[in-house]
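Please open the model in a viewer and keep the selection panel at hand.

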Amino acid sequence: MYQQSLQLKARSRGFHLITTEVIQALPQLNQIRVGMCQVFIQHTSASLTINENADPTVRKDFEMYFSKAVPENDPDYLHDDEGADDMPAHLKAAMLGSSVMIPILNGRLALGMWQGIYLCEHRNYGGTRNLIITAWG
Amino acid sequence: MYQQSLQLKARSRGFHLITTEVIQALPQLNQIRVGMCQVFIQHTSASLTINENADPTVRKDFEMYFSKAVPENDPDYLHDDEGADDMPAHLKAAMLGSSVMIPILNGRLALGMWQGIYLCEHRNYGGTRNLIITAWG
Amino acid sequence: MYQQSLQLKARSRGFHLITTEVIQALPQLNQIRVGMCQVFIQHTSASLTINENADPTVRKDFEMYFSKAVPENDPDYLHDDEGADDMPAHLKAAMLGSSVMIPILNGRLALGMWQGIYLCEHRNYGGTRNLIITAWG
């Protein structure tokens, strides 16, 4: 069982492809013939998901959609001390999830042709983000 | 660690129970006393979730709800080359997730009495869908 | 591989921190240096997620938001025999998910400083809820 932490640099609010960074952080992946890899984010206002890895407009549409679906400044929010983007960030993080799990086959992540790992940064200024990558097989 | 790919036949847009197909695809499940099973979908416009396994109207209501919550033809979408159902499919897939994880107990998936595995087909004509089933214990 | 079931007492509709209960239910956690823990809920109208562990207003805002985003009494629901809170509970459960997966490092769950495990009770009277906790490493 291999485990590695990875600190991602601060990114702008939005959805960002991090597949290559994740793979490079755990070189032992290529020693696993059949296995599993989990990527976990240690935060509650950023999240991880798997989606389309090619067209950058998909990631822009993700940001547009989730910012409409989880509005800022709802007068019903009670938790608003840290700014208008804070409570929506917690809600989006729960909807998208704090981890992704990907099978390993022949030393590689068995992602489909169009799948990539997204960091979903829900804060305006989220800062660096810590991941823990664990693989076994 | 057992791993098996499974190609699901093309299904109509909507939510479909696939529990039996998943179990039949990995007969080694019944050799695992205590373990874990992951089912992963290698696509970005279909997804997997666990929900009610008995009343077909639940699955119809899932399709109704998610199609309202993630509308087609939002003029703000930038990614629309593949049709009105394309970008909503990516968003729904992220909300529901690309994998499910189920504990194994005494050679069986430890699902609750009312739980089944859903294939969530978000495209009008999604075609066949590839799963990877991995179990260990 | 350690596995333990845990019956949670009935809780009110809303979001509840259960991190301590989960950890106490599996004392073998502290024997695992590098590993993984999954918590699975055997129900389709309650769910699990990871989010902010400090300010109780965050959990109140979760209940407020999800009850707005998944309305009761939509006349388009077909599945409504069990009351107005039933079909919304299934939908919320799918959006939030039936399991959480947390890495283990040095005998402890490697949660971020602000992360806790939530039981998301979507029914008005959901009753007790069964979890299965599995850890390995």
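Contact here means heavy atoms within 4.5 Å. The model is predicted: local features need pLDDT of at least 70, side-chain atom pairs count only at pLDDT 80 or more, and totals for chains, interfaces and linings use all residues. Residues are numbered from 1 along each chain as its sequence is written, chains are lettered from A and ligands numbered from 1 in the order in which they are written, and side-chain values use heavy atoms, without hydrogens and water.

Select chains A and C. Chain C brings 31 residues to the contact and chain A brings 28 residues. About 2,400 Å² is buried between them, with carbon and sulfur atoms giving 64%; this is the accessible area (1.4 Å probe) that the two parts lose on being put together, summed over both.

Next, select Lys68(C) and Asp74(A), whose side chains form a salt bridge at 2.7 Å, N to O. The term requires a side-chain nitrogen of Lys or Arg within 4 Å of a carboxyl oxygen of Asp or Glu. The rule finds two salt bridges across this interface.

Now move to the sheet of chain C. Strands are DSSP runs (E, at least two residues), numbered from the N terminus, and two of them pair if DSSP finds at least two bridges between them. The open sheet has three strands in the order S2-S7-S4 (chain C), with antiparallel pairing. Its edge strands, S2 (14-17) and S4 of chain C, each pair on one side only.

Finally, select S2(C) and S7 (residues 115-121) of chain C, which are joined by four bridges. Phe15(C) lies opposite Cys120(C) in S7(C).
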